[in-house]
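Thanks for coming, everyone. Please take a look at the structure on the screen, and then I'll walk you through a few parts.

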Amino acid sequence: MKGRNNTPNTRKKKSDDGRDTSPLLPLNELQDEYIKAIKSESIILCTGVWGSSKTYCPSVIACDMLLGGYVEKIVVARPTEGKGKSVGYFKGDKNEKLSGWAAPILDTFKKRLGEGNLEAYLENGKVELLALEQVKGRSWDDTFILVDEAEDLEKAVAKSLVSRQGVRSKLVITGDINQTDIKEYSGLQLLLDVAKYSDLKIATIDFNDWEHCVRSDEAKMWGIAFEAYEEEHGRVK
């Protein structure tokens with residue numbers, strides 16, 4: 001369809017078709033604690049093994065809060081420092097550049113929001129994809145901010161990030177300290193250390209054992225195997 005100026009009409013239509021509305025149920029006691037913390041606290045730092053749902057749980061809750069009108073938008077951010085800062089070389093607009101890079105979260109969003117809603121929210125800015133080196137100068141009110149793979153945050157970016165949270169906003173930062181790609185001291189570890197040093201009243205959750213991996217028996221098996229291997233031979237980079 002074309003508008004009066006003969007340019008394509010790209011406005012996406014919201015739709016609940018195919019949306020997953022099942023309740024988010026914890027699979028273990030620590031997940032229960034994590035879900036409750038996300039719902040009740042304004043700042044949550046979550047670390048731990050892969051497959052522990054440290055990204056999935058806040059993704060689902062963020063979608064439910066947006067649809068329920070509890071927040072005005074969702075910001076999804078992942079650092080590119082450890083990946084060679086290659087995002088800017090992809091073709092397309094910002095969403096197209098970042099959609100593949102944010103695919104693990106967007107897959108959950110598509111199920112929880114519905115594909116039509118997600119497309120509309122990406123177009124109108126209700127869901128924003130952000131490369132964290134672009135965080136300077138930003139601030140967010142009434143926003144659910146989800147930062148994934150934060151083990152690769154540079155220290156300066158981590159400091160800038162936590163100063164961007166506005167009023168009535170929620171900030172969830174997740175990552176696995178043991179999987180840090182960058183050579184320098186992890187920005188996520190810095191946030192944990194500063195929070196502990198100043199006894200900040202924030203929620204910290206650590207899925208620190210492979211018993212917390214709920215992705216599959218195979219994922220847990222490989223996690224345990226790599227941990228044993230790296231203790232003997234050093235971390236695989």
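A search of the whole structure finds ten salt bridges. A salt bridge here is a side-chain nitrogen of Lys or Arg within 4 Å of a carboxyl oxygen of Asp or Glu. This is a predicted model: local features need pLDDT of at least 70, side-chain atom pairs count only at pLDDT 80 or more, and totals for chains, interfaces and linings use all residues. Residues are numbered from 1 along each chain as its sequence is written, and side-chain values use heavy atoms, with hydrogens and water left out.

Arginine 112 pairs with aspartate 64, at 2.9 Å from N to O. The pair links distant parts of the chain, 48 residues apart: arginine 112 sits in helix H4, aspartate 64 in helix H2 (residues 56-67). Helices are DSSP runs of H or I, at least four residues, numbered from the N terminus.

Now, what does H4 meet in H5? Leu106, Phe109, Lys110 and Leu113 in H4 meet Glu115, Asn117, Leu118 and Tyr121 in H5. Contact means heavy atoms within 4.5 Å. The residues of this contact divide into five nonpolar, one polar and two charged. Nonpolar covers Ala, Val, Leu, Ile, Met, Phe, Trp, Tyr, Cys and Pro; charged covers Asp, Glu, Lys and Arg; the others, Gly among them, are polar.

Last stop: tryptophan 222 is found in helix H8 (residues 217-233).

How values were computed:
Helix = DSSP H or I, 4+ residues; strand = E, 2+ residues; numbered from the N terminus.
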